Amino acid sequence: MDFNVKKLASDAGIFFTRAIQFTGEKFGQVEKTELDAHFENLLSRADSTKNWTEKIFRQTEVLLQPNPSSRIEEFLYEKLDRTVPSRPNNEELLGHYMQDAAKDFGPGTPYGSTLIKVGDCERRLGSVQREFLQTSAISFLTPLRNFLEGDWRTISKERRLLENRRLDLDSCKARLKKAKLAESKAAAVPDFQETRPRNYVLSASASALWSEEVDKAEHELRVAQTEFDRQAEVTRLLLEGISSTHVNHLRCLHEFVEAQTAYYKQCHLHMQDLQKELDSCLSMTISTIISYTDTLKIEEVQAPATGTRKAKVLYDYDAADTSELSLLADELITVYTVPGMDSDWLVGERGNQKGKVPVTYLELLS
C-alpha cells in the first residue's frame, strides 16, 4: 500500500511538472525543444495520411452500404464478434417482387412474362453486387481499417510518449538553468565592508548546496535527454513506415478498381442480354399483331352477341383507309372490341357501314 501511495505521489508530481512546462510554453515564458524539420515533415505526412484514409474509408462504406442503419448494425455485429445475418439486397428484393407480381398477373401475359425476365435479371444483378461488396470489403476496406485501428493507434501512443519525454527534458533544462543562476549568485564575492563574518560561512554553505543541485540537475538532464532521443528514434521509425502504408494502400486501391471494373462489366453484360431478350419478344409481338391486322377484314367482322356499347363521337375523323370509319362530331355509333386488335382502336358501326375508329375520338356511353 505504501509503495502504491509513493508511486501515485511520484506520478502526480511528474504530471504537475509537465503541466507547468506545457502552460509556460503556451504563454511563451519558457523554452521549448523543437524537433528537426525532417521529423516535422514526417509528423505532418502521418497526420495527412490518417485524415484522408479516414475520409476515404468512411465514404467507401457509404458507397458500398448507403443505408446508415445497416452500417450501424454491421458495426455492432462486428464489435460483438458475431456474423452479420444474410439478407437480400435491393436488387434481389426487386427481382422477387417482380416475379411474384408476374405470378399474380399471369406468366402467360405479355406483362407477366416480361416481369419474369426482368425480375430474373435483377436477381442476377443482386448476386453480382453481393460478390462485389464482399470483395471490396476484404481487399480495400479491411486494410484501411487495420491501419486506422492498428498502426495509427501505435503511432499516436508513441507520439504522446515522445511529447511527455520532451516536456520532461525541457523541465530538466529549466531546473538546471535555475540551479546555475542560483549557484552563480551564491558564489559571488561578498562586500567585506557591508557583510558580517558570519555570513561568509552561510554563503559558502549555500554555494556548496547549489553546486550539488547543479550536479543533480545535470544528471537528470542527461537521463531525460537519453530517454527523449530513444523515444524520438522509435517514433521516427514508425513515421517512416507511412511510406510502406502508402504502397500497401496503393495495391489495395488497384484491387478495388479491378473489383469495380468486373462488377460493372458483369452488370452491363446482364443488361445487354436482357435487352436483347426483350427486343426479341417485342419484335415477335409486333409481327403477330401486324400479321393479325393484315388478315383481319373489317367487313367480315361480326358484332358479338354481348359487349357492344354506344359511343358519342367527340370530333370529326377522316378515315385513313378502307378499314377505318369516318366520323362526324356528336353522332352516335355502336362500338365493340375484337380479339387481337390494338387497345387504341375499336370497331364502329353506323347502319350498314363498319370500320375501325380511334378510342380517343369517342365518349363511351353506358
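## Close-ups of charges and rings

**View 1. Arg58, Glu61 and Arg145 are tied together in a salt-bridge network.** A salt bridge here is a side-chain nitrogen of Lys or Arg within 4 Å of a carboxyl oxygen of Asp or Glu. The structure holds 16 salt bridges. Keep in mind that this is a predicted model, where local features need pLDDT of at least 70, side-chain atom pairs count only at pLDDT 80 or more, and totals for chains, interfaces and linings use all residues. Residues are numbered from 1 along each chain as its sequence is written, and side-chain values use heavy atoms, with hydrogens and water left out.

**View 2. Aspartate 47 meets arginine 159 in a salt bridge, with 2.7 Å between the closest N and O atoms.** This pair links distant parts of the chain, 112 residues apart: aspartate 47 belongs to helix α2 (residues 37–64) and arginine 159 to helix α5 (residues 110–186). Helices are DSSP runs (H or I, at least four residues), numbered from the N terminus. Buried or partly exposed? Aspartate 47 counts as partly exposed at 28% relative accessibility, and arginine 159 counts as partly exposed at 23%. For these labels, buried means under 20% relative accessible area, exposed over 50%, and partly exposed in between (1.4 Å probe, protein chains only).

**View 3. Arginine 175 and glutamate 220 form a salt bridge, their closest N and O atoms being 3.4 Å apart.** Here too the pair links distant parts of the chain: arginine 175 sits in helix α5 and glutamate 220 in helix α6 (residues 197–240), 45 residues apart. Arginine 175 is partly exposed at 37%, and glutamate 220 is partly exposed with a relative accessible area of 28%.

View 4. Arginine 236 is partly exposed at 22%; glutamate 233 is partly exposed at 36%.

**View 5. Phenylalanine 147 and tryptophan 152 are one of eight aromatic pairs in the whole structure.** Their rings are tilted, 6.4 Å centre to centre with 50 degrees between the planes. Rings of Phe, Tyr and Trp (its six-membered ring) pair if their centres lie within 6.5 Å; planes under 30 degrees apart count as stacked, over 60 as edge-to-face and the rest as tilted. Both partners are tucked away: phenylalanine 147 is buried at 2%, and tryptophan 152 is buried at 10%.

**View 6. Tyrosine 263 and tyrosine 264 make a tilted aromatic pair.** Their centres are 5.0 Å apart, with 55 degrees between the planes. Tyrosine 263 is buried, with a relative accessible area of 13%. Which residues make up the aromatic cluster here? Phe132, Phe140, Phe256, Tyr263 and Tyr264 form it.

**View 7. Two lysines sit over tryptophan rings.** Lysine 55 lies over the face of tryptophan 52, at 4.6 Å from the ring centre. The charged end of lysine 356 sits over the ring of tryptophan 345, 5.3 Å from its centre. To count, NZ of Lys or CZ of Arg must be within 6 Å of the ring centre and within 35 degrees of the ring normal.

Notes
Helix = DSSP H or I, 4+ residues; strand = E, 2+ residues; numbered from the N terminus.
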